[in-house]
Amino acid sequence: MKQCLVTGASGFVGRIVCAGLAERGSLVRALMRHREEGPWRESVQCELGRDAPGTEILAGIDTVFHLAGKAHVPVGPTDDPLEYQRIHVQGTRDLLAAAADAGVQRFVFFSSVKVLDPPADDTPYSASKREAEQLVLQSAIPHVCVLRPALVYGPGHRGNLERMARAIDRGLFPSLASVDNRRSMVDVRDLAGAALLVAQHPKANRRCYVVGDGRPYSTPEIREALARALGRQSAGLRVPLKVLRYAARLGDLAGRVSGRRVALDSATLEKLVGSAWYDDSPLMKELGFVPSYRLQDAVDEMVAGFGLRDRRVDPDGRRGVDSNPTVPSE
């Protein structure tokens with residue numbers, strides 16, 4: 001992989017993919033909506049789905065890593081299904097056409113485990129990702145592969161894990177009772193490593209792989225890992241799930257009245273306590289992928305990157321003084 005194009009390069013995962021390619025000596029060309037500085041040698045401005053990329057954008061490129069997309073959000077009054085179609089389907093179709101015309105040899109598409117959810121739970125997001133997958137798998141590019149990442153964590157993460165950490169830090173996210181769910185997760189550095197692996201491995205051609213770190217996590221386990229990193233001693237009292245469901249219904253009502261999402265509603269609670277476990281073993285068995293990280297390996301860096309101070313708990317259970325100033329994520 002001498003010259004690579006990475007779409008969505010300025011995002012959380014995209015930056016790590018670019019850095020991994022650069023470390024291996026690849027020339028990295030970043031495609032993004034707005035130019036930014038980062039671990040790439042060249043950058044081009046293009047909004048996929050609106051702007052059809054010309055072959056000049058892909059001139060000399062042998063490998064494409066396609067990460068650009070619209071983030072998954074719960075379906076609501078401001079969620080436009082056509083946006084998912086435009087960005088995921090039309091954007092991927094245009095990129096594939098330009099890549100084929102430019103003689104690109106390898107194409108890795110970052111999809112989502114949401115495409116594996118039951119049809120009854122289909123959303124505009126998952127439907128558009130599934131359609132884009134088929135475009136990739138049926139394209140004329142010699143080597144293509146689809147990755148379906150589980151929940152991604154690691155240094156630089158933003159999203160539900162950050163919101164959970166901030167709630168724990170303020171004492172607003174209690175220990176949970178009667179929650180025994182299973183969730184697949186993967187460190188962003190392992191996800192980037194998997195992308196580089198499938199781009200070059202012959203057995204990965206025309207295949208789809210779930211990318212996880214090989215073990216299930218429960219919400220209480222995730223909560224306790226974040227609490228330890230924050231120096232928050234676990235409370236003896238555990239809140240029953242039915243209490244949280246009642247609070248979430250109140251959040252639904254508050255959201256409808258205010259027209260804005262609140263910190264806890266039913267959609268957020270389901271993300272926290274629902275199961276989302278997917279079989280990630282084929283990538284390991286077929287291609288020899290070995291994850292290097294587990295959640296406990298990354299949680300301290302994540303909390304530091306959230307801008308939350310590293311607090312220690314004294315033996316008597318009180319929160320100690322700040323032992324380490326805020327450290328920016330690497």
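**Ground rules.** In this predicted model, local features need pLDDT of at least 70 and side-chain atom pairs count only at pLDDT 80 or more, while totals for chains, interfaces and linings use all residues. Residues are numbered from 1 along each chain as its sequence is written, and side-chain values use heavy atoms, with hydrogens and water left out.

**The sheet.** I looked up the strand order. Seven strands form an open, parallel sheet, in the order β3-β2-β1-β4-β5-β6-β10. Strands are DSSP runs of E with at least two residues, helices are runs of H or I with at least four, and both are numbered from the N terminus. Two strands pair if DSSP finds at least two bridges between them. I noted β3 (42–45) and β10 (207–211) as the edge strands, each pairing on one side only. From one strand to the next, the twist averages 20°.

I then checked one pair. Strands β4 (residues 63–66) and β5 (residues 106–110) run parallel over four bridges. T63 stands opposite R106 in β5.

**Helices on the sheet.** I found α2 lying across β1 (3–7), β4 and β5, at about 170° to β5. Helix α5 (residues 188–200) lies across β4, β5, β6 (143–149) and β10, at about 160° to β6. Angles run from 0 to 180 degrees between N-to-C directions, with axes fitted to C-alpha atoms, for helices over the stretch in contact.

**α2 against α3.** Helix α2 (residues 81–101) packs on helix α3 (residues 124–137) at about 10°, with the axes 8 Å apart. The two are therefore roughly parallel (angles under 35 degrees). I listed contacts, meaning heavy atoms within 4.5 Å. On the α2 side they include Y84, H88 and L96; on the α3 side, Y125, K129 and L135. By class, I have nine nonpolar, four polar and three charged residues. Nonpolar covers Ala, Val, Leu, Ile, Met, Phe, Trp, Tyr, Cys and Pro; charged covers Asp, Glu, Lys and Arg; the others, Gly among them, are polar.

**C4.** Is C4 buried or exposed? C4 is in strand β1 and is buried, at 0% relative accessible area. Buried means under 20% (1.4 Å probe, protein chains only). Setting aside residues up to four places away in sequence, C4 touches L21, S26, L27, V28, R29, I61, T63 and F65. Its C-alpha is 9.4 Å from that of V104, 100 residues apart along the chain.

**T268.** I located T268 in helix α8 (residues 266–273). T268 is buried, at 13%. Beyond its neighbours within four places in sequence, T268 contacts R261 and A263.

Definitions and conventions. Parallel < 35°, antiparallel > 145°, perpendicular 65-115°, else oblique. Buried < 20%, exposed > 50% of the residue type's maximum accessible area, 1.4 Å probe, protein only.
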